[in-house]
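Morning, everyone. Have the sequence and the model up on your screens, please.

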Amino acid sequence: MQLGFAVIPLIHFTSNRKRMGKFAISLKVKILAWLSAALIVALNGKLVIEQLGDWAKQFPSAVIWINILVVPITIAIALLLIYVFLRPLLFKHYDTPATVPHGLATTIEDLEPIIYKNIAITIDFSKNDTDTIRNAIMQGGKNATYTLIHVVETAGARYYGTEVMDHETQSDADNLNTYVKTLKGLGYKAHAHIGFGSAASSIAKIVNDGKIDFIVMGSHGHKALKDLIFGTTVNSVRHMVNVPVLVVKPQLQPK
């Protein structure tokens, strides 16, 4: 048995065009559409009733299941179709204007450059540190103050926090100060800040507490699975701060 329930919603195309001017459907076409739809509904209803009767005759032992399962489902579908039919008539509303998928271009009136005064630079002592620092000073020049951030993620650092001063922590602090001295020697204002524990949380806390207005972070440049593991720091940080984040990927070495 093939039913035509899908035809019912087509009725509404004949009653929802009040503001289309000369393109609106004429009254004669509307009447024909309604009569056609009514005929289709009546025929489908007749087919459904006849099919239920045939099932009851062919499977007498299954009459109880037909009454318990099939009949309520059929009634529910009928009520749904009635609701779809009546809703546009009972709840009239104006057609909403169509919108483009990505919105509309806004009016740009002011294109004055943004001046960043406090820029954070995340350091991981990789080959990408130089490019990260270079991109950072391009944003603020010698007028900005640069906070070089490195997070110690050892077990001791996670447990003791700022109280830990093991060999790795001392080595990281010395290396970070080397970067700071180099920048100061070049005429830039810079200072170091060591974080402890989770990299993302520590970086976000330093940024939020230090009134940083721009962050430059180096990316590990991993792919596939490694990117899912090591790239989570950058992704997590950008969700935990309210300032722009510039991600610097490692430069590809020429073959």
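The buried residues of α5 pack against α3 (129-140), β2 (145-152) and β3 (189-196). Terms first. Helices (H or I, at least four residues) and strands (E, at least two) are DSSP runs, numbered from the N terminus. Buried means under 20% relative accessible area, exposed means over 50%, and partly exposed is in between, with a 1.4 Å probe and protein chains only. Contact, or touching, means heavy atoms within 4.5 Å.

Now the ground rules. This is a predicted model, where local features need pLDDT of at least 70 and side-chain atom pairs count only at pLDDT 80 or more, while totals for chains, interfaces and linings use all residues. Residues are numbered from 1 along each chain as its sequence is written, and side-chain values use heavy atoms, with hydrogens and water left out.

Back to α5. Which of its residues are buried? Thr-169, Asp-172, Ala-173, Leu-176, Val-180 and Leu-183. They cover an arc of only 100° around the axis, so they sit on the same side of α5. That arc is taken over the directions from the helix axis to the C-beta atoms. The general rule: an α-helix has 3.6 residues a turn, so residues three or four places apart point the same way. On the face turned away from the buried side, α5 carries the exposed residues His-167, Lys-181 and Gly-185.

After α5 comes Gly-187, with a positive phi near 95°.

Next, the whole chain. It has eight helices and five strands. From the N terminus, the order is α-α-β-α-β-α-α-β-α-β-α-α-β. Of the 255 residues, 27% count as buried. Take the contacts with a separation of 6 or more: residues 24 or more positions apart account for 76% of them.

On to the cores. A nonpolar core is a set of buried Ala, Val, Leu, Ile, Met, Phe, Trp, Tyr and Cys residues joined through side-chain atoms within 4.5 Å. The largest has 18 residues, and Ile-119, Ile-121, Tyr-146, Leu-148 and Leu-183 touch the most other members. The elements giving two or more residues to this core are β1 (118-122), α3, β2, α5 and β4 (214-218). Apart from it lies another core, of 16 residues, including Ile-203, Val-207, Val-241 and Val-243.

Stay with Tyr-146. At 0% relative accessibility, Tyr-146 counts as buried. Leaving out residues up to four places away in sequence, Tyr-146 touches residues including Ile-119, Ile-121, Ala-136, Ile-137 and Tyr-188.

That brings up the rings. How many aromatic pairs does a search of the whole structure find? Three. Rings of Phe, Tyr and Trp (its six-membered ring) pair if their centres lie within 6.5 Å; planes under 30 degrees apart count as stacked, over 60 as edge-to-face, and the rest as tilted. Tyr-116 and Phe-214 form a tilted pair, 4.4 Å centre to centre with 35° between the planes. This pair links distant parts of the chain: Tyr-116 is in the loop between α2 (63-90) and β1, Phe-214 is in strand β4, and they are 98 residues apart. Both Tyr-116 and Phe-214 are buried.

Then Tyr-146 and Tyr-188. Their ring centres are 6.1 Å apart and their planes are at 80°, so the pair is edge-to-face. Tyr-146 lies in strand β2 and Tyr-188 in the loop between α5 and β3, so the pair ties together parts 42 residues apart in sequence. Tyr-188 is buried too, with a relative accessible area of 16%. The charged end of Lys-142 sits over the ring of Tyr-188, 5.5 Å from its centre. The cut-offs there: NZ of Lys or CZ of Arg within 6 Å of the ring centre and within 35 degrees of the ring normal.

Last, backbone angles. Most residues other than glycine have a negative phi. Phe-125, in the loop between β1 and α3, has a positive phi of about 60°. Phe-125 counts as partly exposed, at 27% relative accessibility. Lys-211 has a positive phi near 55° and is found in the loop between α6 (199-209) and β4. Lys-211 is exposed, with a relative accessible area of 71%.
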